[in-house]
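Keep the structure open and follow along.

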Amino acid sequence: MPWTNQGGGGPWGSGGKGPWGSGPQSPGPTPPDLEEILRRGQDRLRRVLPGGNLGGRGLALITLGVLALWGFSGFFRVEPDELGVVLRFGKEVREVQPGLNYHLPYPIETVLTPKALRVNKIDIGMRVVDDIRRGGTTVRDVPEESLMLTGDENIVDVDFSVLWKVKPTGVGEFLFNIQNPEGTVKAVAESAMREVIGRSEIQPILTGARQTIETAVQDLMQRTLDHYGAGVIVQQVQLQKVDPPAQVIDAFRDVQAARADLERAVNEAQTYANRVVPEARGRVAQITQAAEAYKQQTVAEAVGQTSRFLKIYEQYKKAPDVTRERMYLETMERVLGGTDKIILDSSAGGNGVVPYLPLSELSRQPQTRGQPQTGGRQ
């Protein structure tokens, strides 16, 4: 006998209990009645169609409507920062620019719209996270990405950013040659930076080689991505922070300060040398020119005296007595010309002293006119 609830009772008693002693479960949601839905749809279609029957004309109208909807499903829109790639049975056939475009409806053609015109940015060695407490953003360091080994076996903490975008002619490569574009670019950037840092010494890295490092990393990244056929162009590499590790940063700053003092001392010494050396060279040139002038003067005087002596000697050979007397008189004139003279005439009477005649005083009188005269000798 089947288990039924006749008259409110059953083999486990009244109350409509089940075989485990529990009451019947509350009824769940009622599933939709498919027959009722179909019946209502047919009724509505009969009311729309003329005559209330499908017939050949009705089927034609339905087919035409379906085809129209299928045809209109091929319209699609490409956003300003996107490029459209139309695939026909999975193969790329063309690229379309931003705007409203059309492709053959699915499943003949489909479209992919990657963000090919947008400049993307990847941060390596750091993460910008939202600070809920302060209501802004904060930068979190990622040491497993930023700590790198230099060529002189030092450790440096490098945070940098990479700006990249899809090549205008490489959208198909970007879509089909790499599976994770952002992860690929990040891995290539970190690898290129480690290679460039590994070829450099720490001092240029910390001081003036930032531009050189950025250019070298960008070139190495571009060559690697082109080798992969990634369809990506690296626009710029920006070094955000280049510091020694936090544990030894104070010691490195002391070394940098000492190097700065050394460079300042060298510059001051070079400035002093640039000032002193030209002065010394000028004095050397002055002394050399003075010596050369003295040499030329002495030689000229010697030549002149030699010429004079030769001329006197020629005259002496012609008239020795006359020349000898003339030379005597000229010599006496030169010797006695600047001295005071007293003339004694031994042939005169008396004590032989000629009364004093101040010849030298008389010769100087026109020059000292107006000044008191001094008394002469008696």
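Setting aside neighbours within four places in sequence, Gln-222 is in contact with Lys-167, Val-232, Ile-233 and Val-234. Bear in mind that this is a predicted model.

**Gln-222 and its helix**
- You'll find Gln-222 in helix 7, which covers residues 210-228.
- Gln-222 counts as buried because its relative accessibility is 16%, and the cut-off for buried is under 20%.

**Strand 6 and its partner**
- Strand 6 (residues 120-124) has side chains that alternate: Asn-120, Ile-122 and Ile-124 point to one face and are buried.
- Strand 6 pairs with strand 10 (residues 155-166) in the antiparallel sense, over five bridges.
- For Asn-120, the bridge partner in strand 10 is Trp-164.

- Glu-153 sits in the loop between strand 9 (147-149) and strand 10.
- Glu-153 isn't a glycine, yet it has a positive phi of about 65 degrees.
- Most residues other than glycine have a negative phi.
- Is Glu-153 buried or exposed? Glu-153 counts as exposed, because its relative accessibility is 68% and the exposed class starts over 50%.

**Helix 5**
- Helix 5 (residues 181-198) has 18 residues and reaches 26 Å from its first C-alpha to its last, close to the 26 Å expected at 1.5 Å a residue.
- Its buried residues include Pro-181, Val-185, Val-188, Glu-190, Met-193 and Ile-197.

Definitions and conventions:
Residues are numbered from 1 along each chain as its sequence is written. This is a predicted model: local features need pLDDT of at least 70, side-chain atom pairs count only at pLDDT 80 or more; totals for chains, interfaces and linings use all residues. Side-chain values use heavy atoms; hydrogens and water are left out. Buried means under 20% relative accessible area, exposed over 50%, partly exposed in between (1.4 Å probe, protein chains only). Helices (H or I, at least four residues) and strands (E, at least two) are DSSP runs, numbered from the N terminus. Two strands pair if DSSP finds at least two bridges between them. The expected span of a helix is 1.5 Å times one less than its number of residues. Contact means heavy atoms within 4.5 Å.
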